[in-house]
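Colleague: Please take a close look at one part of this model and describe how that part sits against the rest.

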Amino acid sequence: MASDVEYSWAAGFFDGEGTTSVLKAQRDKYAYIRMGISQKQLEPLEKFYGIVQKGKIYKSNTRNIYSWEYRDWE
């Protein structure tokens with residue numbers, strides 16, 4: 001379990017670098033929430049993931065960018 005300091009760092013990192021969207025495909029009945037962060041450096045995303053323990057980290061196939069993404073239907 002992460003410490004209060006780590007949770008505070010993760011909250012500040014997401015507040016400064018993250019995005020939140022509500023998405024709904026035309027054929028889907030339900031909308032979902034998507035949260036994401038993109039960075040040129042992998043390390044901050046690994047640290048963030050280590051704290052929140054949600055989502056996945058991806059590497060772009062076309063650019064030198066890493067992204068953390070989390071989707072939820074609840």
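**Helix 1 and its surroundings**

Modeller: In this predicted model, the buried residues of helix 1 are Ala-10, Phe-13 and Phe-14. Viewed down the helix axis, these buried residues fall within an arc of 95°, so they line one face of helix 1. Asp-4, Val-5, Asp-15 and Gly-16, on the other side of helix 1, are exposed. The helix covers residues 4-17, and its 14 residues should span 20 Å at 1.5 Å a residue; the end C-alpha atoms are 20 Å apart, which agrees.

The buried residues pack against strand 1 (18-23), strand 2, helix 2 (43-52) and strand 4 (66-72). Helix 1 lies across strands 1, 2 and 4, and runs at about 90° to strand 2. Helix 2 also packs on the sheet, where it touches strand 2, strand 3 and strand 4, and its direction makes about 25° with that of strand 4.

The sheet itself is open, with four strands in the order 1-2-4-3 and antiparallel pairing. Strand 1 and strand 3 (56-59) are the edge strands, each pairing on one side only. On average, neighbouring strands are turned by 25° against each other, direction ignored. Strand 1 is joined to strand 2 by six bridges; Val-22 has Ile-33 of strand 2 as its bridge partner.

The side chain of Gln-39 makes a polar contact with that of Glu-17, at 3.1 Å. Beyond four places in sequence, the contacts of Gln-39 include Phe-13, Pro-44 and Tyr-66.

Terms used:
Residues are numbered from 1 along each chain as its sequence is written. This is a predicted model: local features need pLDDT of at least 70, side-chain atom pairs count only at pLDDT 80 or more; totals for chains, interfaces and linings use all residues. Side-chain values use heavy atoms; hydrogens and water are left out. A polar contact is a pair of N or O atoms within 3.5 Å; within protein, one must be able to donate a hydrogen and the other to accept it, and residues adjacent in sequence count only if both atoms are side-chain atoms. Contact means heavy atoms within 4.5 Å. Helices (H or I, at least four residues) and strands (E, at least two) are DSSP runs, numbered from the N terminus. The expected span of a helix is 1.5 Å times one less than its number of residues. Buried means under 20% relative accessible area, exposed over 50%, partly exposed in between (1.4 Å probe, protein chains only). The arc is that of the directions from the helix axis to the C-beta atoms. Two strands pair if DSSP finds at least two bridges between them. Axes are lines fitted to C-alpha atoms, for helices over the stretch in contact, and angles run from 0 to 180 degrees between N-to-C directions.
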